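Trainee: Please take one part of this model and go through it closely. Keep it brisk, and give me the cut-offs as you go.

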Amino acid sequence: MFPIKVENLSYAYGARQALVDVTFSISQGEVFGFLGPNGSGKTTLFKILSTLIPVDQAAVNILGHELGNGVQRVRQYLGVVFQRPSLDLKLTVTENLRHQGHLYGLQGKPLKQRIQEALDQFELTDRAHEGVETLSGGLQRRAELAKATLHHPKVLLLDEPSTGLDPGARRSLRAYLNGLRNTTVVLTTHILEDAEACDRVAILNAGELVAIGTPDELKDQVSGDIVIVDSPEPEQLAPKINQRFGYATASIEGLLRIECHNGHEFVRDVVAAFPTEIQSVRLGKPTLEDVFIKLTGRRFEENGSSQDSVGLESSRTETH
């Protein structure tokens, strides 16, 4: 039995279709990520899995219960971290954890032990008795994670869990999630590093699940290296490259994107062939965003956030 199984799930907000015939299953102990830009359907799917949005049909099954009629039975086994804080800002970290434990029937010594474990795990021990409202955004995020995992949930749902975390805290979070072999972890993200750390990834675009597999399996869909060519006249250069080298080009936001083998040799040859028509060339190995581009014909659109942005520049070598 799969802890999570979704079959032909669709959902609409009035006339706007948020999810379209989505089907997937998640195995016991798997770290499973949903990757996609804003508007891809990640948030709607997360709300359905966390039982915030009711579904009438038997399209979603969690731990053997259909969400159409088994919501209360499912909730006791879920741990959820939302994008927006759910902590009581007027309480200390420990007080927030204690109240969370009470909600799940934990008391006395077992609760005290769970609280200490959570504080240690998320490096909050020295902040345990400080008010949450005095903590930085990153520390509050750690407290959210500690709260969600306190009762040892069978399924842990994380909506953009790295938001607000510094690089060190992100690495610690990934290590922690990969160590939860008895817990099924489902997360949404637009950050490539988070997706790369998952056992499997599902790519969403405009409500549709366009690909699913391990990060390596998905990147294998892209042939060879990725070369990005910046030209003042890309429309004129594209057919010349195709005629000279036999490679098809795709235009993404005014840049020419080419999949090719032996990319370093191609970069040398294309610059030599069209020296006055090329401003710069970037070379790199395929990323998960390259998979997204190949499948959808467009880049991620994430409001230009420099910290969380992912794109053609990732792991690129540039030649002028």
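Mentor: Gln100 is buried, with a relative accessible area of 10%. Buried here means under 20% relative accessible area, with exposed over 50% and partly exposed in between (1.4 Å probe, protein chains only). The model is predicted, so local features need pLDDT of at least 70 and side-chain atom pairs count only at pLDDT 80 or more, while totals for chains, interfaces and linings use all residues. Residues are numbered from 1 along each chain as its sequence is written, and side-chain values use heavy atoms, leaving out hydrogens and water.

Gln100 sits in helix H3. Helices are DSSP runs (H or I, at least four residues), as are strands (E, at least two), numbered from the N terminus. Leaving aside residues up to four places away in sequence, Gln100 touches Lys147, Leu150 and His151. Contact means heavy atoms within 4.5 Å.

Now the H4 side. The axes of H3 (residues 93-103) and H4 (residues 108-121) come within 10 Å and cross at roughly 130°. H3 is therefore oblique to H4. Under 35 degrees would be roughly parallel, over 145 roughly antiparallel, 65 to 115 roughly perpendicular, and the rest is oblique. Axes are lines fitted to C-alpha atoms, for helices over the stretch in contact, with angles from 0 to 180 degrees between N-to-C directions.

H3 brings Val93, Thr94, Leu97, Arg98, Gly101 and His102 to the contact; H4 brings Leu111, Ile115, Ala118 and Leu119. By type, these contact residues are six nonpolar, three polar and one charged. Nonpolar covers Ala, Val, Leu, Ile, Met, Phe, Trp, Tyr, Cys and Pro; charged covers Asp, Glu, Lys and Arg; the others, Gly among them, are polar.

After H3 comes Gly105, with a positive phi near 80°.

Last, H5. Gly138 lies in this helix. Gly138 counts as buried, at 17% relative accessibility. Gly138 touches Gly164 and Leu165, again not counting residues up to four places away in sequence. From Gly138 to His65 is 73 residues in sequence and 35 Å in space, C-alpha to C-alpha.
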